[in-house]
Amino acid sequence: MIRLESLSYRYAETPTTVLRQISLTIPKGQLVGVVGPSGAGKTTLAQVMSGFIPHVFGGEVTGAVTVAGRSVRNTPLPLLVSDIGLVSQNPFNQLSGAKFSVAEELAFGLENLGVPRGEMVSRVDETLRRLRIAHLAERSPYQLSGGQQQLVAIGSMMVMRPGVLVLDEPTSQLDPAGSGLVFDALGELRERGVTVVLIEHKLEQLAEVADRILALVDGELRMDGPPSTVLAADELADWGIGRTRFTAAAVAAATHWPCGRPLPVTLAEAAAGFAEGAP
Amino acid sequence: MTQDFYRPGTSLIHRWNPVTTLSLSLTLVVTAFASQALWLPAALLVFVVFPAALVSGVFRRLLAWLARFLLPVILLLFVIQGLYHQDGPLLDLGPVGVHLDGVLFATRTALRLLVLTGAFLLLLFTTHPGELMTALVAHGMPPKISYLVSATMQIVPAFRQRAHSILDAQRARGLRTAAGPIGRVRALVPLVGPLVLGALSEVDERAVAMEARAFGATTRRTSYTVIADSAAQRVSRWSMLVITIAVIVLSATGVIR
């Protein structure tokens with residue numbers, strides 16, 4: 001579970017408050033999407049939730065952050081990372097540099113945690129299979145494409161089986177098939193009771209998989225609710241977040257959209273609505 | 001970098017524990033430099049380095065690399081030491097003379113350089129750098145040192161690739177990069193800024209990624225890769241140490257000359 005109480009944050013030696021008075025609770029096993037325009041504070045929020053703020057980046061934090069029952073501020077980082085995983089935007093920077101094959105790269109975190117070899121091999125094999133990158137197992141991580149590196153970076157966190165997984169635009173370099181794999185894998189993690197926080201611009205796929213959406217604008221939590229409510233909100237376009245193609249189609253085809261039916265955010269909702277509104 | 005040297009193989013030396021191959025290379029180098037005797041580095045080259053290269057199937061590559069690295073250096077050595085030594089000339093060629101001491105010194109140095117380079121090329125050709133690091137950590141080397149070496153080997157080529165991308169992007173926007181040394185130096189100026197500043201700005205992200213994977217944990221580390229070892233190899237490593245010490249002592253006491 002993640003709990004933020006009146007959280008505000010300012011980077012060291014800067015006047016601007018990046019996160020302002022954010023309060024929310026994410027129960028165990030929930031998959032929460034975070035949307036927002038560039039500069040909204042999404043990456044900072046991910047770093048706060050995973051403990052890298054204030055442990056690595058410093059700055060001024062007010063309010064409280066509790067993850068898996070531990071106060072992030074008062075728990076040493078090595079202890080936190082066994083419970084919380086963070087996947088950041090740039091896969092190149094997430095490679096350890098110390099390993100010469102993808103399989104070894106996946107095992108790097110497990111080696112550091114002292115996981116017995118038998119279990120390590122089984123977890124690495126499972127992760128390779130789940131992300132469909134088993135054919136890359138012996139390749140050097142530095143000789144992969146950006147998308148393949150992104151899958152390896154995600155796998156390197158999944159393999160550690162954290163209770164909470166925070167992902168910052170993990171599919172930015174992936175093609176639709178690769179993105180689909182990641183979203184499916186995250187859905188499976190949620191089924192296993194892992195709490196997932198997913199910062200993502202791919203609203204349509206987020207709508208399919210998320211239990212809840214947080215809309216972050218200028219460091220403030222402007223909306224918090226189910227995807228069907230948040231992603232269909234008119235304000236999203238004004239905030240620069242955009243809409244799903246299905247919502248946009250329903251808005252554009254206003255006369256064919258049944259009055260009183262909520263705007264769709266998924267393909268299924270759009271198909272049902274247009275079927276009902278058809279003459 | 002070094003992983004470019006390595007070629008997988010099934011020879012006896014390829015199958016050795018990397019620490020054994022490293023021990024062999026160090027033994028060769030130390031013994032070659034321990035003695036003033038000419039015959040010792042020559043014998044090491046002919047009876048150890050070359051046969052080992054033949055057995056592991058890298059002999060032709062070894063010769064090619066030795067020629068590429070050392071031939072100009074060795075030629076220069078003979079010219080400088082042979083022709084311009086202080087002692088009386090062995091062979092008078094008019095304005096210059098060939099000096100025996102100089103020729104001997106050049107021969108000894110050339111043989112030592114051949115053993116040194118040959119021994120380490122043999123190691124690089126037959127040993128995967130990742131396996132070497134894993135084996136060294138298993139033998140007590142601190143994992144952070146292993147990380148420094150491995151990361152340097154991997155990230156330097158990756159940055160070289162990035163430098164090419166930056167240059168390509170700049171060329172696409174009209175930057176002219178002429179061939180030749182001056183052209184290359186000029187091309188460095190617009191390259192250094194984005195490359196160095198980019199690398200510095202990524203330091204935080206890299207630190208976060210490493211911490212996220214428990215690099216700072218104090219638990220006893222385990223290893224995914226298992227490197228085979230055997231009693232015979234352990235005995236051979238100790239034997240190499242004994243031989244090295246013996247050669248140093250015998251050379252210092254004048255027994256080996």
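Predicted model: local features only at pLDDT ≥ 70, side-chain atom pairs only at ≥ 80, totals over all residues.
In what follows, helices are DSSP runs of H or I with at least four residues, strands are DSSP runs of E with at least two, and both are numbered from the N terminus. With those terms, chain B reads α-α-α-α-α-β-β-α-α-α-α-α-α along its sequence. That comes to 11 helices and 2 strands.

The C-alpha trace spans about 65 × 55 × 30 Å along its principal axes. Of the 257 residues, 27% count as buried. Turning to contacts between residues at least 6 apart in sequence, 75% of them in chain B join residues at least 24 apart.

One helix of chain B deserves attention, namely α3, which covers residues 18–34. Its 17 residues reach 24 Å from the first C-alpha to the last, close to the 24 Å expected at 1.5 Å a residue.

I move now to chain A and its sheet. Four strands form an open sheet in the order β2-β1-β4-β5, with antiparallel pairing. Strands β2 (17–26) and β5 (70–71) of chain A stand at the edges; each has a single partner strand, so one side of each is left without a neighbour in the sheet. Between β1(A), residues 2–10, and β2(A) there are 6 bridges, and the two run antiparallel. Within this pairing, A:Arg10 stands opposite A:Thr17 of β2(A).

Finally, some remarks on backbone geometry. Most residues other than glycine have a negative phi, and most peptide bonds are trans. Against that background, the peptide bond from A:Ile53 to A:Pro54 is cis, with omega near 10 degrees. A:Pro54 lies in helix α2 of chain A, residues 52–55.

Two alanines have a positive phi. For A:Ala68 the value is about 50 degrees, and this residue sits in the loop between β4 (60–67) and β5 of chain A. For B:Ala214 the value is about 60 degrees, and that residue is in the loop between α10 (203–212) and α11 (231–252) of chain B. Which burial class does each belong to? A:Ala68 is partly exposed, with 17 other C-beta atoms within 10 Å. B:Ala214 has 25 such atoms within 10 Å and is therefore buried, the cut-off being 20 or more.

Key: Residues numbered from 1 in each chain as written. Chains lettered and ligands numbered in written order. Buried ≥ 20, exposed ≤ 12 C-beta atoms within 10 Å, placed from the backbone. Contact = placed C-beta atoms within 7 Å. Pairing = 2+ DSSP bridges. Expected span 1.5 Å × (residues − 1).
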